[in-house]
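Open the model in your viewer and keep the selection panel at hand. The tour goes stop by stop.

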Amino acid sequence: MDKTDIEAIKAANPILDVLRDLGVPAQNNRIRCPRPEAHAHGDRSPSVTIWPDRGQFKCWVCADVKGDVIDLVRLARGCTFREALEYLGRNTFGTAPLPPLRAAAPAPQSASHASGSHSRSASKPVHASYLVFPESAEPNLLVQESLMPAGPAGEPHPGTASHPAPAPAPGTAATDAGLEDELLRHRILAALLAACPPVGGKVGRYLQKRRIFKRTWDRQQLRMIEDYAGVSRKLESAFGLADLERTGFFNAAGHLRYYRHKLLFPYLDMQGRAVYMQARAIETGTAGPDGPHVPKGARGPAPKELSMSGPIPLPYNCRLLNGEPGQIYLCEGVIDTLTLIEQGFPAVGVPGAANFKPAWAELFRSKSVHVAFDPDVPGESGAAKTIERLQAHGIEARRLAPPAGMDLNDWFRKG
Ligand SMILES: [Zn+2]
């Protein structure tokens, strides 16, 4: 089965028909979430939006419940990607011959965005302190027991309370191998975070200097690598070097990559589960590390931040993207995001100015977005692109820029 067959199966299975076949007909293009246990009252008021014209769906609560008809079948029946294809193929081939492939359609205009203001352009920057915000909700527990390393029998699968595979971004072809890798990365990440204590000591002082305090460390579930050798050993005995190297947690020399980068920022999904991570070096000097676990090449100057390998599934602090109307600040980098969160602003982040993914625009639905990237060349160009992408989805977006030569953290520290 190649990509063309997959596209043909999708084209032959309108999402509303598939929903009827699955016994969950949509009402006003809404259905209850296939993962009702993740919702209050079993998702009594349906949280999943269907876009019939582009054959996609998305739950506004569960970040990973979204995608195309294949993802829908996978989630609704708790089956694999391949089984979902077989199910759809059977439906298709049992009733009618495959229709010709659809020509690539222009980006559809979703009815749900009709009320957005396309025309509102990036106007004058607004000083952030004009606005006052509520505190964000407490996250759930970061590390669930079901996420811990398990044998083959413990492999989590969709539909259980354990960690689900995130649905692929709309429009991308998923593969079983890709999903398995993603699951493995999440399990390793959970184990790494579970092996690391909350921030304190020197790492805490580093954050305090940037006006980011304990309440925010706790709320964002920041961790630090205190016992590098011990954490390395735990991961190695749970997962084995081959998988740790393949997923990019260990380098090719067999060492955990986060030697200098001791400060860990987990990216939590809507349920508070870690799906991605960035790590930060808290010392910029070049003094060589000591001890027997020194990774080769660690003695040169290191980049300040090190991202986990694999796709970035969601913006940082994405639980604020809940579909409720309101202001949101979009920051460049986790430190800036935390700076605003500490000041009581509803802020989410992207790892770099160029990292805003087109598929994320939907997440900002009904928000009014202040794009607070750095006032430098990459920041300005990233901000312009991001604003354009958001506005193309009918989402209000404008530039919020600190004075030239300052990033947000400087601005707030001096302000
Ligand atoms: Zn849901």
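Helices (H or I, at least four residues) and strands (E, at least two) are DSSP runs, numbered from the N terminus. This is a predicted model, in which local features need pLDDT of at least 70 and side-chain atom pairs count only at pLDDT 80 or more, while totals for chains, interfaces and linings use all residues. Residues are numbered from 1 along each chain as its sequence is written, and side-chain values use heavy atoms, with hydrogens and water left out.

Colour by accessibility. Of the 415 residues, 51% count as buried (under 20% relative accessible area; exposed is over 50%, partly exposed in between; 1.4 Å probe, protein chains only).

**Stop 1: the zinc ion**

Select the zinc ion. Which protein atoms are its donors? They are Cys33 (SG), His39 (NE2), Cys59 (SG) and Cys62 (SG), at 2.1 to 2.3 Å. Donors are N, O and S atoms within 2.8 Å of the metal (3.2 Å for Na, K and Ca); water is not among the atoms, so sites may look incomplete. The angles among the 4 donor atoms run from 101 to 118°, and the site is tetrahedral (four donors, all angles between 85 and 135 degrees). Along the chain the donors follow the spacing C-x5-H-x19-C-x2-C. Cys33 lies in the loop between strand E1 (30-31) and strand E2 (48-51), and Cys59 in strand E3 (residues 56-59), so the pair ties together parts 26 residues apart in sequence. Check both for burial: Cys33 is buried at 4% relative accessibility, and Cys59 is buried at 1%.

**Stop 2: the sheet E1 to E4**

Stay with these strands. An open sheet of 4 strands has the order E1-E2-E3-E4, with antiparallel pairing. Strands pair if DSSP finds at least two bridges between them. E1 and strand E4 (66-67) stand at the edges with a single partner each, so one side of each lacks a neighbour in the sheet. E2 and E3 pair over 4 bridges. Show Ile50: it stands opposite Phe57 in E3.

**Stop 3: the nonpolar cores**

Select Leu192, Leu235, Tyr258 and Phe364. Of the 80 residues in the largest nonpolar core, these touch the most other members. Such a core is a set of buried Ala, Val, Leu, Ile, Met, Phe, Trp, Tyr and Cys residues joined through side-chain atoms within 4.5 Å. Helix H5 (residues 176-194) gives the most to this core, with 6 residues. Centre on Leu192: among the residues it touches are Ile225, Val231, Phe249 and Met277. Then move to a second, separate core of 25 residues, which includes Val65, Ile70, Ala84 and Tyr87.

**Stop 4: the sheet E5 to E8**

Another open sheet of 4 strands runs E5-E6-E7-E8, again with antiparallel pairing. Strand E7 (residues 274-280) is joined to E8 by 3 bridges. Pick Arg280; its bridge partner in E8 is Glu305.

**Stop 5: strand E9**

Finish on strand E9 (residues 326-332), where 5 of 7 residues are buried. E9 pairs in the parallel sense with strand E11 (residues 367-372) over 6 bridges. Find Cys331 opposite Ala372 in E11. E9 also runs parallel to strand E10 (residues 347-350), joined by 4 bridges. Tyr329 has Ala347 as its bridge partner in E10.

Notes. Four donors count as tetrahedral if all angles lie between 85 and 135 degrees; four count as square planar and six as octahedral if opposite donors are over 155 degrees apart and all others between 65 and 115; anything else is irregular. Contact means heavy atoms within 4.5 Å. Lists of a residue's contacts leave out its neighbours within four places in sequence.
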